[in-house]
Amino acid sequence: MSVRKAPSDGLDVRQRLTLFQGSALNAEQALSTNEDELTYEFLLQNGVKALNITCAGIRPLALKRYGVVEAHQLRRLGFDSLHLVDPIFCNEANAAYGAQDVINAFLNTPHDAVALAGSEAITTLNLTTEQLLSACAGAPTEAITVIEQSKEATVFRGVTARTILDTGLRAPQLKQLGYNLASVHELSGMGPHELSKLGFTL
């Protein structure tokens, strides 16, 4: 097969072949596709995955030019919260879509919270412990991991008692983590009823 020269655009031959490896396009089609055809819908329809996109060195700002205009579209292409642990990817996603759009798309499950906790994404996206723990409803093991990875001097500042209760954490686990009655009093909305539900006694 004679290899066609790639159209004169931003992607070189290696990037094109990497991008469409294992997709619905063969090598010749990959090399001959015009740059303006590389839209979000085109990538999705032809089965281009996040791994291909990453290996081809294409990041969020470039993807936005291809019509990936919202962070949730990154998720449809197969990107997940672990990609945000890469500071370069996270910074570009933040620049392309804004922190709130990225958070809405990538912080939805306890797994997401664990992946992001302790990473540079916390600072880049201005993520709070309250947001991370809110994603851990019904998942005390993941909530413990989030707390253990927190770099906050006062981990419960800004966290509500309701959020901690929703995770399923109770006094025995909190005490094991080193948090006593005085510590949980830092939780917003903490009262006698909440203390009792957590299992702390005055």
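Visitor: How many aromatic pairs are there here, and how do I read such a pair?

Guide: The count comes to three aromatic pairs. Rings of Phe, Tyr and Trp (its six-membered ring) pair if their centres lie within 6.5 Å; planes under 30 degrees apart count as stacked, over 60 as edge-to-face and the rest as tilted. Please keep in mind that this is a predicted model: local features need pLDDT of at least 70, side-chain atom pairs count only at pLDDT 80 or more, and totals for chains, interfaces and linings use all residues. Residues are numbered from 1 along each chain as its sequence is written, and side-chain values use heavy atoms, with hydrogens and water left out.

Visitor: What geometry do phenylalanine 20 and phenylalanine 42 have?

Guide: They form an edge-to-face pair, 6.1 Å centre to centre with 80° between the planes. Helices here are DSSP runs (H or I, at least four residues; strands are E, at least two), numbered from the N terminus.

Visitor: Are phenylalanine 20 and phenylalanine 42 buried or exposed?

Guide: Both are buried. The scale is relative accessible area: buried is under 20%, exposed over 50%, and partly exposed in between (1.4 Å probe, protein chains only).

Visitor: And how is the pair of phenylalanine 156 and tyrosine 179 arranged?

Guide: That one is tilted, at 4.7 Å centre to centre and 50° between the planes. Phenylalanine 156 is in the loop between helix H12 (140-149) and helix H13 (161-167), and tyrosine 179, 23 residues apart from it, is in the loop between helix H14 (171-176) and H15. Phenylalanine 156 is buried because its relative accessible area is 1%; tyrosine 179 counts as buried at 19%. Phe156 and Gly178 are also in contact (heavy atoms within 4.5 Å) with serine 183, leaving aside that serine's neighbours within four places in sequence. Serine 183 is in helix H15 (residues 181-184).

Visitor: How are two packed helices described?

Guide: By the angle between their axes and the distance between the axes. Axes are lines fitted to C-alpha atoms, for helices over the stretch in contact, with angles from 0 to 180 degrees between N-to-C directions. Helix H7 (residues 87-97) and helix H8 (residues 99-106) have axes that come within 7 Å and cross at roughly 115°. H7 brings Ala93, Asn94 and Tyr97 to the contact, and H8 brings Ala99, Asp101 and Val102.

Visitor: Which residues of H8 are buried?

Guide: Val102, Ile103, Ala105 and Phe106. They line one face of the helix, because down the axis of H8 they fall within an arc of 170°. The arc is that of the directions from the helix axis to the C-beta atoms. Their cover includes helix H6 (71-76), H7, helix H9 (110-116) and helix H11 (129-134).

Visitor: Which residues are buried in H12?

Guide: Ala143, Val146 and Ile147. These fall within an arc of 95°, so they line one face of H12. They pack against H9, H11 and H13, while exposed Thr141 and Glu148 sit on the face turned away from the buried side.
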